[in-house]
Amino acid sequence: MKCDVIRHSPELTEIRVPYTSTTAQYNFFLASDIHLDNPKCDRKLFKKHLDEMKERQGKALFFGDIMCLMQGKKDRRGSKGDIRPEHLGGNYFDLVFNETATWLKPWQDDIVMMSDGNHETAIINHNEVDPLGNVVRIMRDSGSPVEHMRYQGFVWFTFYMEDAAQQKQEKIRRLTLGFHHGTWGGVITKGTLGGGRYASIMPDADVIVNGHNHERTIVAHPCYRINNKGEQRIEQRWHIQTGTYKQEFKGGGGFAIEKIVMPKSLGGIWLKLRPRASSGVEITCEPAT
């Protein structure tokens, strides 16, 4: 997929995609809570989904906790069994940052945005080191277009006719995605009640994304809108939770099992977009398997 990544402000990144047909589909891979440096991360599954993203000529956006980062010298959460051999060393953070950027390199041209999660902000707050800032710097030095965003923000997906003559006849089609790494959970409701809260504080968003609770759900939130002619229409909005790649429920023991936390669905979400001549952008969502 050909696209331009434009950073308009600390809170907004735009992905501009030229299109020539309203039947064309554009695939975006959404993921969070990857915890790539944790031994429990299912790197094989994550690689499978990134390879599929590349095969589909898609782009990827990651919404926090790309890294786990809990094995620092002064981190009380640290455990000798939760560190990968390649991260053993006195310069632990440097080893994780460099290995993360190296591991992602085969797909770096198609990763357009990564935002902070609570694992990244914890390191900023306690160690005065910006994890994603370092990883993104390494990736951008190698030619990646990836933008680093903070815990909350917005992404515009803007579709425009590449042919100048067509541009005069066709309006630009734009979809607004609002994201927050996450704060609300719910063992029984699996975080789905948060969708209404996010919708109320992000009224301009067509799609709302959160992570953090390791749940993977797709919930429709239709709403009433009134146009300039006073006509009512029903507008579909989507709340997406992007799951995780950290499998911490095997073996019969450990923190997650002791806390009676329910097993989580591994994998991200496919956001499939089609610019339509008369109805804006058509949205289809499905889990990555």
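1. Among contacts in the protein between residues at least 6 apart in sequence, what percentage join residues at least 24 apart? The figure is 70%, a contact being heavy atoms within 4.5 Å.

2. The model is predicted: local features need pLDDT of at least 70, side-chain atom pairs count only at pLDDT 80 or more, and totals for chains, interfaces and linings use all residues. Residues are numbered from 1 along each chain as its sequence is written, and side-chain values use heavy atoms, with hydrogens and water left out.

3. Seven helices and 15 strands make up the secondary structure count of the protein; these are DSSP runs numbered from the N terminus (helices H or I, at least four residues; strands E, at least two). The radius of gyration, 20 Å, is close to the 19 Å that the globule rule gives for 289 residues, so the protein is as compact as a globular protein of that length. That radius is taken over C-alpha atoms, and the rule is 2.2 Å times the number of residues to the power 0.38.

4. A search of the whole structure finds 11 aromatic pairs. Rings of Phe, Tyr and Trp (its six-membered ring) pair if their centres lie within 6.5 Å; planes under 30 degrees apart are stacked, over 60 edge-to-face, the rest tilted. Y26 and F159 form a tilted pair, 5.4 Å centre to centre with 45° between the planes. Y26 lies in strand β3 (residues 26-31) and F159 in strand β7 (residues 152-161), so the pair ties together parts 133 residues apart in sequence.

5. Y26 is buried at 12% relative accessible area, and F159 is buried at 0%. Buried means under 20%, exposed over 50%, partly exposed in between (1.4 Å probe, protein chains only).
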